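Thanks for coming. I will talk through one model, starting with a charged pair and then turning to helix packing.

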Amino acid sequence: EPPKSYVGTLESYVCVLRRRLGLGPGRTSPLATTSNGYLLDPASVSVDLAEFRRLVGMAATAKPAQGLRLAQQAVALLSGELLASEAYASWARSERENFQRDVVEACGRAAQNAHAVHDFDAAVCMSRLAISYDSMAEDACQHLMRALSASGRGSEAIRAYFDLRTAMVTDLGMEPGPVSRALYMDILCDDPTRAPINIGTGRDNAEVKHLRLLHKALEAITGVKLPAFDGPLAGMAERVLASGLTMTSREVA
């Protein structure tokens, strides 16, 4: 039920728009006058969302190096929230959700391409962008963990797993899947970057390995000051494990 003056209002808006954009009037204008209203010539405009999807579509079928470059060009177009002026409209929310899935999928594919060409910094960047759109994007987290581990940043990879686990347990009440858990254990067991701890005498190899694993796992809890010796370390780990790895740094301390 538009107001009676809506035609005149629309005509004035189109006039202002044409003037601001330097467009001429009439049927040959990129914003053309027709018998039923106005028509925007799609060949005369560039829309960031359309360009994003075009680049992403090309990246999906390209070889890894080219696919990564195309995806990087696509994400460079991202700025602000999609349809921010329609904050509450259901159709706009639906479009934002669809776009979010597109971004997460495109970034995950780009991270995989970055791994293929051994560009681990790009893999980290793309994975983190995907996670910024969806904190429970498990595939993206796996790409991030692999890239960080390959870059010699095992502790950051472990923290990435803990962030994923926290998000999933909090929002879904479920643990990460078996692939994520296995990847976490692989990184935990094979992180050469961790500083050594003081292991007391009389420890067998299995116990020493377990203590080192505990040390690396606890390193991922932000704000925790780890003890230098194995006795207090084991006690701290016992408290954390008893709480399901959900304790705060203050509670651990």
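Which residue forms a salt bridge with Arg165? Glu175 does, with the closest N and O atoms 2.7 Å apart. A salt bridge here is a side-chain nitrogen of Lys or Arg within 4 Å of a carboxyl oxygen of Asp or Glu.

Before going on: this is a predicted model, where local features need pLDDT of at least 70 and side-chain atom pairs count only at pLDDT 80 or more, while totals for chains, interfaces and linings use all residues. Residues are numbered from 1 along each chain as its sequence is written, and side-chain values use heavy atoms, leaving out hydrogens and water.

Back to the pair. Arg165 is buried at 11% relative accessible area, and Glu175 is partly exposed at 35%; buried means under 20%, exposed over 50%, and partly exposed in between, with a 1.4 Å probe and protein chains only.

The structure holds 7 salt bridges. Another one of them joins Glu156 and Arg128, 3.4 Å apart at the closest N and O atoms. Glu156 is in helix H7 and Arg128 in helix H5, so this pair ties together parts 28 residues apart in sequence. Helices are DSSP runs of H or I, at least four residues, numbered from the N terminus.

Now the packing. H6 (residues 138-150) and H7 (residues 154-172) pack at about 165°, axes 7 Å apart; axes are lines fitted to C-alpha atoms over the stretch in contact, and angles run from 0 to 180 degrees between N-to-C directions. H6 and H7 are therefore roughly antiparallel, the term for angles over 145 degrees.

How values were computed:
Helices (H or I, at least four residues) and strands (E, at least two) are DSSP runs, numbered from the N terminus. Angles under 35 degrees count as roughly parallel, over 145 as roughly antiparallel, 65 to 115 as roughly perpendicular and the rest as oblique.
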